Amino acid sequence: MDNIPNMDYDADEVINEFKEKIKWPKPDEVEAVVKPEKVTLKVLISLLITVIVGAAAYYMMLPALNIHDSQLYVFLILLVVVFMFVFSLVCQANKKIERKEYVKKKSIVPIAIIGVIVVVMVIGMLTGITLFRANSYSQLLQVQDSDFETDFSDIGYDEVPRLDESRALTLADQQLGSLSEYKSQYVVSSNSTQVNFRNKPYRVAYLEYADFFKWVNNTKDGLPAYMAIDLVSQKVTAVNCVEKFGEGIKYSPTELFNEKLIRHLRFQYPTELLDTPNFEIDDDMHPYWITAVLDKTIGLFGGTDVKGVIITDALNGESQYYDIDHVRNDESLNWIDVVYSETLLIEQYNYYGKLQNGFWNSIIFQNDVNIASSGSGNIAMDDDVWVYTGVTSSESDASNFGFILCNQRTKEARYYANAGAMETSAQQSATDAVQNYGYKATFPILLGIDGNPTYFMSLYGDSNTVKGYAFVSLEDKTVVGTGLLDVAKSDAKALNSALENYIDALSEKGVADDVNKEDIIVDENELNSSDANTNASTGDAEQPETLSVTGEITDIKSSVNDGNTVYYLQIDGKYYYIKVTDCMEVLLMKKGDKVTVEYTESDEKFIPASSVTVG
């Protein structure tokens, strides 16, 4: 028995010991690096796939091949990441540990490339921050002092826009909806541009396809028309490009693939930094896209400014680049109105107002620090469009101590030391004056009424249509004059009524005791004549011939549309309709009366009338 070996072993211990000897090593314990077969081929395949993915990414991202475009650096990092990912898959690094180790070692170079790109971006940003370059930023915009009474003496209240962008686009939507040939296929773009067309303020807006299927159905011929809104007479014209120019708008932001405007421009100018294109028209109503070419003047990414302009024919896509000085000085290009965006001009003014005395002064001491007030508007002056905004302190006082005008074509900037109420305060004063009606005021436009700086605003109701006008003194926001269409019964009368009430309010305050109303107020007939001439100036192709019909009223109906009472008169089996505010006499008409109706040719069941007279 003494020769029998000791069999007292723990079986589990033995088995675990055996497992320890034969177990597969953990991934971080592997030191062997196995080079995959046909590495060169795998690299070429990875490069090919990266090129394909990169081409698709470039087609979507459209970065400028320019060191000043931050998106280019993101695009390059994306290419490196795609290559590393594809190469690891081709080498089967996800399945074999030894291949994974090989890919890791070979990733040092791509990672280093990404690191270099990131370092360049960081250095580029640091060299362009306001902390180090405050003086350079403050000189982006040169501002000159100017005299209000001199510059604003030629701007009449009867020539300024009575519609803001929102109300103008509402009218354009309504007009588009009444045109059967465009119904359901297109919508009016929310992007529009205020321009001076033949010395009159207009807003022009291109059309967009209503949805993808409408694009498929219509893209071959392009967009057939665009909308032109007269901001004074409030008349809307659908300019039919096919009839007028022989073809539709083939290049626009609403297109897809190569006809998409920004992609079309990128392929034409691959190295340029492009701003958002503006839709504009020349004096012949030909549509163009005006695209500012940007430059980064401080560091790699800071100090945005404009160095040139690309003019693109919206019909055929042909483009031409002009240096910014050429655009400023060439009279043949004066029809261009918007080169510098409102956002860029206000940004540059804020740099000017805050950083003139250095970065730390703008933060700590704030001596002579000022900024643009919230909100901005447009003024037509010297056949150009100017951005208007008030100037206030950096602490956002309740009042402005001046205001600026910036030319959107030339970047000329003027400062006026006329202190007074902020624009939002003037809006509130105008709204309070008509609170019983529930009307609201548009963003104000600054005018000179007998040398008195005055805010002008349109009043609108829930239907988003103009209901009246208001004048508010810049120096004293309690001086308000209003005129309402429901009371005055015509647009011209409402405008003049608002001005008369404002002049009376100025006199009561002792501000303008010697103002002669007859020297300021424009005759109502002249206002109507001016609106008619403006409307006619858009061209015979867009303004159908005025027709008339005389007959007996066989039926008469009325309804309220958008807050306006409309009468429908049946004559010879057709209904002609007109708003009461356009023809008060219609209230007295009845069945059996013989009337003459003037209208424009229409295939609609209900025909809009321009006038109705008895007899």
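Buried residues make up 50% of the 615 residues in the protein, and the model described here is a predicted one. The protein has 19 helices and 28 strands. Among the contacts in the protein with a separation of 6 or more, 55% are accounted for by residues 24 or more positions apart.

**Strand 21 and its two neighbours**

- Strand 21, which covers residues 466-473, has eight of its eight residues buried, so it is largely enclosed by the rest of the structure.
- One partner of strand 21 is strand 20 (residues 452-460), and the two pair in the antiparallel sense over seven bridges.
- Strand 20 and strand 21 form a hairpin with five residues between them, and in the turn of this hairpin Asn464 has a positive phi of about 70°.
- Another partner is strand 22 (residues 480-484), which runs antiparallel to strand 21 and is joined to it by five bridges.
- Strand 21 and strand 22 also form a hairpin, in this case with six residues between them.

- Four strands form an open sheet in the order 2-3-4-5, and their pairing is antiparallel.
- The edges of this sheet are strand 2 (186-197) and strand 5 (236-240), each of which pairs on one side only.
- From one strand to the next, the twist of the sheet averages 25°.
- Strand 4 (residues 225-230) pairs with strand 5 in the antiparallel sense over five bridges, and within this part of the sheet Ala228 stands opposite Thr237 in strand 5.
- Helix 8 (residues 165-177) lies across strand 2, strand 3 (200-209), strand 4 and strand 5, and it runs at about 125° to strand 2.

**Helix 5**

- Helix 5 (residues 108-126) has 19 residues and reaches 27 Å from its first C-alpha to its last, which is close to the 27 Å expected at 1.5 Å a residue.
- The buried residues Pro110, Ile114, Ile117, Met121 and Gly124 belong to this helix.
- The face of helix 5 turned away from its buried side carries the exposed residues Ile108, Val109, Ile111 and Val116.

**Helix 13**

- Helix 13 (residues 342-355) has 14 residues, which should span 20 Å at 1.5 Å a residue, and its end C-alpha atoms are 20 Å apart, so the two values agree.
- The buried residues in helix 13 include Leu344, Leu345, Ile346, Gln348 and Tyr349, and Asn350, Tyr352, Gly353 and Leu355 of this helix are buried too.

- The axes of helix 2 and helix 11 (residues 261-268) come within 9 Å and cross at roughly 115°.
- Tyr58, Tyr59 and Met60 make this contact from helix 2, and Arg263, Arg266 and Phe267 make it from helix 11.
- Sorted by class, the contact of helix 2 with helix 11 has four nonpolar residues, two charged residues and no polar ones.
- Val51 also has its place in helix 2, which covers residues 39-61.
- With a relative accessible area of 55%, Val51 is exposed, because the cut-off for that class is over 50%.
- Val51 and Phe83 are 32 residues apart along the chain, and their C-alpha atoms are separated by 8.9 Å.

**Ala419 in its loop**

- Ala419 lies in the loop between strand 16 (413-416) and strand 17 (420-421).
- The relative accessible area of Ala419 is 45%, and this residue is therefore partly exposed, as the value falls between the 20% and 50% cut-offs.
- Leaving aside residues up to four places away in sequence, Ala419 touches Asn400, Phe401, Gly402, Leu474 and Glu475.
- Ala419 and Pro453 are 34 residues apart in sequence, while in space they are 9.5 Å apart, C-alpha to C-alpha.

Definitions and conventions. Residues numbered from 1 in each chain as written. Predicted model: local features only at pLDDT ≥ 70, side-chain atom pairs only at ≥ 80, totals over all residues. Heavy atoms only, no water. Buried < 20%, exposed > 50% of the residue type's maximum accessible area, 1.4 Å probe, protein only. Pairing = 2+ DSSP bridges. Contact = heavy atoms within 4.5 Å. Axes fitted to C-alpha atoms, helices over the stretch in contact; angles between N-to-C directions. Nonpolar A, V, L, I, M, F, W, Y, C, P; charged D, E, K, R; others polar. Expected span 1.5 Å × (residues − 1).
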